[in-house]
Amino acid sequence: MIRFDAVSKKYPNGTTAVDGVTVELAEGAITILVGPSGCGKTTTLRMINRMVEPTAGTVSLRGRDIREVDAPELRRGIGYVIQHAGLFPHRTVLDNIATVPLLLGWGKKKARARAAELLELVGLPAEMAKRYPNQLSGGQQQRVGVARALGADPPVLLMDEPFSAVDPIVRAELQTEFARLQKELHKTIVFVTHDIDEAIRLGDRIAVFREGGRLAQFDTPERLLADPADDFVAGFVGQDRGIRRLSFVQAGGLPLREGPVLPVTSPVTEARALDEPWVLVVDDARRPLGWTPVADLPGSGTLADAALVPLGHTFNLVGDSARAALDSALLSPARLAVGVDADGAVVGVADAYELTAGAAPANPTDAAGSPVAADSTGGDR
Ligand SMILES: Nc1ncnc2c1ncn2[C@@H]1O[C@H](COP(=O)(O)OP(=O)(O)OP(=O)(O)O)[C@@H](O)[C@H]1O
Ligand SMILES: [Mg+2]
C-alpha cells in the first residue's frame, strides 16, 4: 500500500535523517515506527504526505510514485495527527473537527453534521462541541485531534506520537479507544512512538529504527519479542520480552493434564488416595470452587467439609493467552493453572513449567502475529 524503496533523506546541514529504508506498509493495518530520539521516525512519516521530500529513493502509495501526485491532492487522502493535537485555539471543538470537510467545500451544515458524528466516534460527549480546546483535558484534545484527522474519511492516517503528551492512565485509555476505533475503520495507519510498549500494544507490524535513520527490524510484535534481529533490537524491546511474548500465544494450544480435580461430593478418602498435596474441588458442572490442602482434610466426610483456598483466577481456553495461563499458575496456591471452557468448567491443569514449555516458539517465523483478544490479565502485552 505504502512502499519505501531505498529511501534516504539527507538535510542540507549534512545530517542523514533516514538512510536507505525499504519497507512496505500493509493496507488497513497499523504500522508503528519506533526507535530512540532522532532516529528518523518523523522524517519517515512526513515523506508519506510530502511534507518532507526524500533525497534518494521512491515513496509510492497504491503503486503510484507520490512525486507524481499533487501535494494538496495527496494530503486530502491522508489524515495527520500530532502530539498535543495541534488544535486551532480560537475555533470550537466542532469547528476544529470540521476543518477539512469545510476546506473541501462540503458546506457548513454538512461539515458540522460530520463533525458531530466524529465527536461521538472518538468517545466525546456532544456537549463538548461548543467548547474551545483550552477547555479540554490533554486526553480530550488528543481525541479531537484524531477526529479532525478523520474529517474527510481519508484511507491513510499518519500519527506522530499522538498520545505521548498525556499521563500513563489517560494514555492507556486512548490506546484502548484507538484500537477499538481501528477495528471499525480499518484505516492504513502509520504511527510514530518512542515507546516500545505502545508499539507492541497497537502495532500489526513494527519498524524499529536505530540511530542514523536505519531500519533495524520490520516484523510483527510477536516476532520482535520472540526473535529480535540483533542486540540493539533486543535491548530496545526490553528484558521481559519472554513473558510479553506469551500474550501472543493462544491458551487453547497449551498442554493440560487432568490433574487432582474432584467433585465436591467425593469422600475425603478419595482425595487422599490421589497422593497430591492439593486437590481442586469442583461443583456438579465441573466449575472450580477452590483448592484444598490435602494435609488439612478432616478424617472423614466429603470434600463439602473441606476448607477451600481461593483459586486466584482460572484461564479460558478460548480467548485467553498463554500469559493469562501463566498468571493463573503463579497465583494458584497449588501452583497449578486451571484451564476452563466457555461454560467455566475445568478442562485441565498445568504448572508454570509445563505451560512455558508448551508455549515456546518452535519456529519463531511460524508464530501467529495477531494478539489474543480478551486476555484476562487485562490485555497488556
Ligand atoms: N529540518 C531539518 N534540518 C536538519 N536536520 C534535521 C531536520 N529535521 C530533522 N533533522 C535531524 O534529522 C534526524 C532525524 O529527525 P527526526 O525528527 O526524523 O527524528 P525522530 O526519530 O522523529 O526523533 P524524536 O523521537 O526526537 O521525535 C535528527 O538528527 C534531526 O536532528
Ligand atoms: Mg519525531
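This is a predicted model: local features need pLDDT of at least 70, side-chain atom pairs count only at pLDDT 80 or more; totals for chains, interfaces and linings use all residues.
Residues are numbered from 1 along each chain as its sequence is written, and chains are lettered from A and ligands numbered from 1 in the order in which they are written.

The protein chain has 381 residues, of which 42% count as buried; buried means that 20 or more other C-beta atoms lie within 10 Å of the residue's own, exposed that 12 or fewer do, and partly exposed is in between, with C-beta atoms placed from the backbone. Along the principal axes, the C-alpha atoms fill a box of roughly 85 × 50 × 30 Å. There are 14 helices and 16 strands, taken as DSSP runs (H or I, at least four residues, for helices; E, at least two, for strands) and numbered from the N terminus. Among contacts with a separation of 6 or more, 63% join residues 24 or more positions apart, a contact being two C-beta atoms, placed from the backbone, within 7 Å.

An automatic or database domain assignment gives domain 1 (2–248) and domain 2 (252–358). Their centres, over C-alpha atoms, are separated by 45 Å. Four residues from domain 1 and four residues from domain 2 make the contact.

A nonpolar core is a set of buried Ala, Val, Leu, Ile, Met, Phe, Trp, Tyr and Cys residues joined through C-beta atoms within 7 Å. In the largest one, of 66 residues, Ile-32, Ile-97, Leu-158 and Val-190 touch the most other members. Beyond four places in sequence, the contacts of Ile-97 include Ala-115, Leu-118 and Val-144. Another core, of 33 residues, lies apart from it, with Leu-256 and Leu-303 among its members.

Val-347 is in strand S16 (residues 346–351). Is Val-347 buried or partly exposed? Val-347 counts as partly exposed because it has 18 C-beta neighbours inside 10 Å. Leaving out residues up to four places away in sequence, Val-347 touches Leu-256, Leu-317, Gly-339, Val-340 and Asp-341. From Ile-66, Val-347 is 281 residues away in sequence and 55 Å away in space, C-alpha to C-alpha.

The residues surrounding ligand 1 include Tyr-11, Asn-13, Lys-41 and His-194; near means a C-beta atom, placed from the backbone, within 6 Å. Helix H1 (residues 41–46) supplies the largest share of this shell, three residues.
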